[in-house]
Amino acid sequence: MVPSERQDFMSAFAQEFAEKCANVLLARLPKPNVVQPRYLTVEQAAVYISHTKKSFEYLMSKKMFPVIRRDRLVLVDKNDLDAFMARQKV
């Protein structure tokens, strides 16, 4: 490879690498003007605290945190989940 070809290759490689890094970092940033829900469904809440839906429902049955029931819809406040997880620390 001729030095000028190598320089062109390295420049193109660096540019492409920088663009991919920027895209990954931008994807991780919080999206502006996107409302983050405070109240989660059972499925979302289970994922939020890294439990299965079944184990989360068990915790609900033991009244480990308050829930909101509206007809068949059950919602859980993120703040209550955060407090629950903080109590689990040893």
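Here is a short walk through the structure above, from its overall form to a few individual side chains.

This is a predicted model, in which local features need pLDDT of at least 70, side-chain atom pairs count only at pLDDT 80 or more, and totals for chains, interfaces and linings use all residues. Residues are numbered from 1 along each chain as its sequence is written, and side-chain values use heavy atoms, with hydrogens and water left out.

Let us begin with the whole chain. The protein chain holds 4 helices and 3 strands; helices (H or I, at least four residues) and strands (E, at least two) are DSSP runs, numbered from the N terminus. Read from the N terminus on, the order is α-β-α-α-β-β-α. The radius of gyration is 23 Å, well over the 12 Å that the globule rule gives for 90 residues, so the chain is more spread out than a compact globule. That radius is taken over C-alpha atoms, and the globule rule is 2.2 Å times the number of residues to the power 0.38. Along the principal axes, the C-alpha atoms fill a box of roughly 70 × 35 × 20 Å.

How much of the chain is buried? Of the 90 residues, 18% count as buried, where buried means under 20% relative accessible area, exposed over 50%, and partly exposed in between (1.4 Å probe, protein chains only). The accessible surface of the chain comes to about 7,700 Å², and 59% of that belongs to carbon and sulfur atoms. Such areas come from the Shrake-Rupley method with a 1.4 Å probe; for residues, only the protein chains shown count as cover.

Now look at helix α1, residues 3-28, where F17 is found. F17 counts as exposed, at 51% relative accessibility. Together with F9, M10 and F13, F17 makes a nonpolar surface patch of about 450 Å². Patches are made of residues with over 30% relative accessible area and no salt bridge: like charges are joined within 9 Å, nonpolar side chains (Val, Leu, Ile, Met, Phe, Trp, Tyr) within 5 Å.

Next come the charged pairs. A salt bridge is a side-chain nitrogen of Lys or Arg within 4 Å of a carboxyl oxygen of Asp or Glu, and by this rule the count comes to 4 salt bridges. One of them joins K20 and E16, at 3.5 Å from N to O. These two are 4 residues apart in helix α1, so about one helical turn separates them. K20 is exposed, with a relative accessible area of 51%, while E16 is partly exposed at 45%.

Another salt bridge pairs R38 with D77, whose closest N and O atoms are 2.8 Å apart. Because R38 lies in the loop between α1 and β1 (39-41) and D77 in strand β3 (residues 73-77), the pair ties together parts that are 39 residues apart in sequence. D77 is buried, with a relative accessible area of 7%, whereas R38 is partly exposed at 43%.

K53 forms a salt bridge with E43, and here the closest N and O atoms are 3.1 Å apart. This pair links K53 in helix α3 (residues 53-61) with E43 in helix α2 (residues 42-48), 10 residues apart. Salt bridges that share partners join E43, K53 and E57 into one network.

Finally, find K78 in helix α4 (residues 78-87). Leaving aside residues up to four places away in sequence, K78 touches Q36, P37, R38, L40 and Y48, where contact means heavy atoms within 4.5 Å.
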